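Welcome! Please take a look at the protein below, and then let us walk through its main features together.

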Amino acid sequence: MMVDSTLAQVGKNLSEAMRILGDGQRELQAGTERPCFSKSSIPGPLQGDGQDVASILHLVHNLIHEEEEEEDKPSQHRMQNVGEQGHMALLGHSLAAYISVLDRERLRKLTTRILSDTTLWLCRLFRFENGSACFHEDDRDGLVKVCRLVINSRYEEYASEGYSVLSSKQPIIYQSASCRPGLGQHLCSQLGLPLSSLCTVPCNTIFGSQHQMDVAMLDKLIKEDIEAGKLPLLLIANAGTPGAGHTDKLGRLKDLCDQYSLWLHVEGVNLATLALGQVTSAVMAATRSDSMTLTPGQWLGLPAVTAVTLYRHEDPALSLAAGLTSSQPVEKLRALPLWLSVQYLGHNGIVQKIRHATTLSQQLLQKLKSLTSIKTSVEDDLNSPVVLFKFSQEMSAASSGGSVEGLCSGEKEVLDAFNRWLGEQLAQLVPTSGVDVVELDDEGTCVRFSPLLTAAVLGTQQEDVDVLVEKLTELVVVMSSTLCLRQDFREETHRHSPSLRYIEELSWPGLGIIRYEPQAEELDESRRKQQLQKINTELLKKLQELDTDIIFSTGPEFGTKEDCIFMGMVTEDIDVSELVDTIAALGREIEESGRLLENMTEVVRKGILEAELQLQKANEEKLMEEGMLRQLPLVGSVLNWFSPVQSSIKGRTFNLAAGSLDSTEATYSTKAQAGRPQMQDTPTSSSKRLPGQRLFRRSGASSDSMSETSSVGQPEETPKENSSLNSSVLTPPPPSPPAPETPQDTSSDVTPEEIQESPEQAHTQVEAAEAVEAAEAVEAVEAIEALEARQPDGQEVEQSGR
């Protein structure tokens with residue numbers, strides 16, 4: 001069989017392009033080294049010399065994954081599974097460009113054959129007899145063109161008079177309250193109709209599904225519009241609502257449309273099941289509609305395949321005027337990718353993909369029924385392609401011993417937040433499952449599993465459903481324990497009021513939100529806000545460094561709560577009391593440390609002034625004791641040689657913690673500097689935990705006893721850093737080596753058990769405290785040495801004479 005060389009080259013080029021892009025994707029997933037491109041490396045103006053195909057494709061691949069390379073982490077976005085049938089769809093786009101350059105007669109014959117074949121196959125496959133097909137990129141465009149067709153049919157002079165004929169009888173389009181958001185507004189904007197031409201029919205409130213259109217209410221609305229001189233034009237019904245996947249009562253709706261001469265248009269994911277051997281009666285009624293919109297690209301996993309609107313109408317002129325058909329052969333080439341893909345899959349392949357998706361839904365539904373804390377919502381337990389499920393508070397509270405009374409007021413909002421977090425976690429942990437989060441009026445926030453829309457695209461298998469249920473079971477346990485401990489966390493936080501403040505935020509999916517409030521009363525509003533931000537930022541940093549499973553964060557990126565600490569999900573063995581005590585202790589420690597550092601500058605300044613006065617006074621006393629002769633350079637040296645004088649000037653030590661000047665006479669008499677060993681003794685003391693055990697956890701009897709001995713207490717007024725602040729000598733000590741002696745006790749009232757921390761953290765805090773006091777001591781010593789340098793020359797001679 002001979003094949004056109006150009007066609008063969010098109011197929012070869014496509015295969016080569018897919019290979020290059022596929023290799024780049026595999027390298028990205030494997031994490032191998034690859035050339036880095038940046039925005040600056042992309043040329044702005046067009047280069048004079050052309051580039052080869054491989055270079056251009058590599059550039060395309062880089063542009064696709066540029067964000068991932070900048071962030072240096074793999075993408076979390078779902079990538080479509082492009083199989084062989086996907087390659088056929090991509091080949092169709094390449095062939096369409098080639099076919100468009102054929103001579104007009106050959107192009108007309110070929111496009112007519114492609115369009116007629118595809119229309120015939122789709123009408124038979126989805127049981128829509130005697131129908132025509134319109135292929136369009138936007139899945140809403142088919143409905144827009146159908147509305148134009150109906151307007152041309154109902155208003156005979158519309159083609160010549162235009163919109164002026166609509167003023168006699170305003171057209172009315174009816175849609176369900178469960179239809180796609182923004183669909184009706186899009187129709188009115190495209191058709192040039194006012195929004196008053198759109199009528200939204202409410203759903204059932206008492207009988208039937210709450211996602212189905214209320215047929216009795218529709219009948220009432222139609223009668224009211226007719227009495228008002230309006231023209232009922234078209235009804236949009238659902239065979240699978242966008243949110244819950246429920247199907248309207250299409251049989252009754254069709255009878256009502258026939259009664260009032262309305263056009264019935266049906267859309268929805270459940271239309272895919274028309275290709276199966278056994279179809280529910282509710283969906284089968286869609287075959288009686290006047291038009292329906294199909295999305296075979298999503299159902300069969302075909303990339304860049306157009307949507308299809310099947311319709312029945314006998315006047316081809318009106319169809320042409322409405323845009324449903326085209327006289328341009330190139331427009332008919334839109335069906336080429338679908339024409340190739342349908343032939344590649346065949347009837348059995350198409351049915352197998354749709355049946356596989358419905359099987360996945362039933363598999364998940366059966367597994368979810370065994371989970372006590374999960375509530376499912378489906379239209380039909382036996383034949384529901386869409387499965388909705390959510391975490392239920394009532395079921396989890398019944399199986400746990402926690403308290404949930406505090407959630408009654410905002411129970412729905414709290415559960416919505418938890419289910420929103422659940423859906424996001426499942427989508428991240430099992431991306432091939434295709435689950436997403438939907439917001440429904442009655443059920444609230446739910447997790448949706450709709451394999452008809454995602455399975456073929458993502459390649460979902462039964463193993464993925466098993467993994468999904470496994471991850472769901474693990475997350476439900478964490479959610480139940482967190483929900484039960486939220487009230488306890490609130491009460492423990494109130495116990496530490498006013499230093500700790502509980503922030504009420506029902507939309508946060510976690511243990512809760514907390515803020516440390518500084519207790520300084522003399523601060524103004526701006527200064528207090530600045531200190532509040534500084535303390536909570538440092539507190540969050542310290543909490544994130546703790547060895548614990550709890551996630552501490554600043555909350556959502558665009559949240560309204562500022563200067564707060566958000567705590568995520570927790571397990572049931574978390575000791576909430578110990579957690580809150582630790583937060584309060586760390587916050588108080590940070591506040592006192594900041595207050596001490598703020599006062600340090602003033603303390604040192606006053607100490608230097610006092611030391612200057614005392615040294616000046618000591619110099620005057622020395623001058624009176626030694627006399628004027630000893631101050632003369634030559635005479636003083638001779639006198640000091642024959643009759644040395646013992647200096648009466650006493651050294652001074654500056655206590656940074658107390659901010660006072662003390663004499664060093666007691667220090668040098670014992671050959672030891674007061675309080676120096678204390679700095680190495682205090683910070684190393686910390687509570688002991690079992691090997692491998694993290695903070696705030698209870699683990700049987702051993703952990704209970706440990707929590708009693710290492711419980712986090714409330715520090716008193718003196719901060720922890722005070723225990724490591726000791727005296728710094730302002731005058732150098734005698735040359736004799738100091739002997740160790742028991743130091744003076746300058747430790748604070750904080751016991752080692754009051755703040756539970758790891759040895760590494762304690763060591764880090766000690767080093768920080770040592771660095772601060774060392775810097776301040778150096779400044780003080782340099783200041784005093786500068787004062788001593790201004791002493792009379794006779795003293796220097798005396799010192800050297802000794």
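What follows is a short tour, from the overall picture to a few individual residues.

## The model as a whole

This is a predicted model, in which local features need pLDDT of at least 70 and side-chain atom pairs count only at pLDDT 80 or more, while totals for chains, interfaces and linings use all residues. Residues are numbered from 1 along each chain as its sequence is written, and side-chain values use heavy atoms, with hydrogens and water left out.

The average pLDDT of the protein is 77, and 69% of the residues score at least 70; pLDDT is the predictor's confidence in each residue, from 0 to 100. Over residues 673-688 the pLDDT stays under 50, and the model has 35 contacts there beyond four places in sequence. Residues 701-766 also stay under 50, with 145 contacts beyond four places in sequence. A contact here means heavy atoms within 4.5 Å. Where pLDDT is low, the predicted coordinates should not be read in detail.

The protein has 802 residues, of which 48% count as buried. Buried means under 20% relative accessible area, exposed means over 50%, and partly exposed lies in between (1.4 Å probe, protein chains only). The secondary structure comes to 27 helices and 18 strands; these are DSSP runs numbered from the N terminus, with helices (H or I) of at least four residues and strands (E) of at least two. Among contacts between residues at least 6 apart in sequence, 73% join residues at least 24 apart.

## A seven-stranded sheet

In which order do the seven strands of the open sheet lie? The order is S1-S7-S6-S5-S4-S2-S3, and the pairing is mixed. At the edges are strand S1 (132-136) and strand S3 (198-201), each of which pairs on one side only. Two strands pair if DSSP finds at least two bridges between them. Neighbouring strands of this sheet are turned by 20° against each other on average, direction ignored.

S1 and strand S7 (residues 307-311) run antiparallel and are joined by five bridges. His 136 stands opposite Ala 307 in S7. Helix H5 (residues 104-125) packs on the sheet, where H5 touches S1 and S7, and its direction makes about 110° with that of S1. Helix H10 (residues 250-260) packs on the sheet too, touching strand S4 (231-238) and strand S5 (263-267), and its direction makes about 170° with that of S4. For these angles, axes are lines fitted to C-alpha atoms, for helices over the stretch in contact, and angles run from 0 to 180 degrees between N-to-C directions.

## The nonpolar core

The largest nonpolar core holds 98 residues, and among the members that touch the most others are Tyr 174, Leu 218 and Leu 235. Helix H15 (residues 336-368) gives the largest share of this core, 14 residues. A nonpolar core is a set of buried Ala, Val, Leu, Ile, Met, Phe, Trp, Tyr and Cys residues joined through side-chain atoms within 4.5 Å. In soluble globular proteins, nonpolar side chains tend to be buried together.

Not counting residues up to four places away in sequence, Leu 235 touches residues including Tyr 174, Met 213, Leu 218 and Trp 263.

Thr 273 lies in the loop between S5 and helix H11 (281-284). Is Thr 273 buried or exposed? Thr 273 is buried, with a relative accessible area of 10%. Its contacts beyond four places in sequence include Val 279, Ile 354, Pro 385 and Leu 452.

## Salt bridges

The structure holds 22 salt bridges, each a side-chain nitrogen of Lys or Arg within 4 Å of a carboxyl oxygen of Asp or Glu. Here are three of them.

| Pair | N to O distance |
|---|---|
| Arg 108 and Glu 105 | 2.6 Å |
| Asp 255 and Arg 288 | 3.0 Å |
| Lys 561 and Glu 505 | 3.9 Å |

Arg 108 and Glu 105 are three residues apart in helix H5, so about one helical turn separates them. Arg 108 is partly exposed, with a relative accessible area of 40%.

Asp 255 counts as partly exposed at 45% relative accessibility, and Arg 288 counts as partly exposed at 39%. Lys 561 is partly exposed as well, with a relative accessible area of 31%, and Glu 505 is partly exposed at 23%. Finally, salt bridges that share partners join Arg 501, Arg 515, Glu 517 and Arg 528 into one network.
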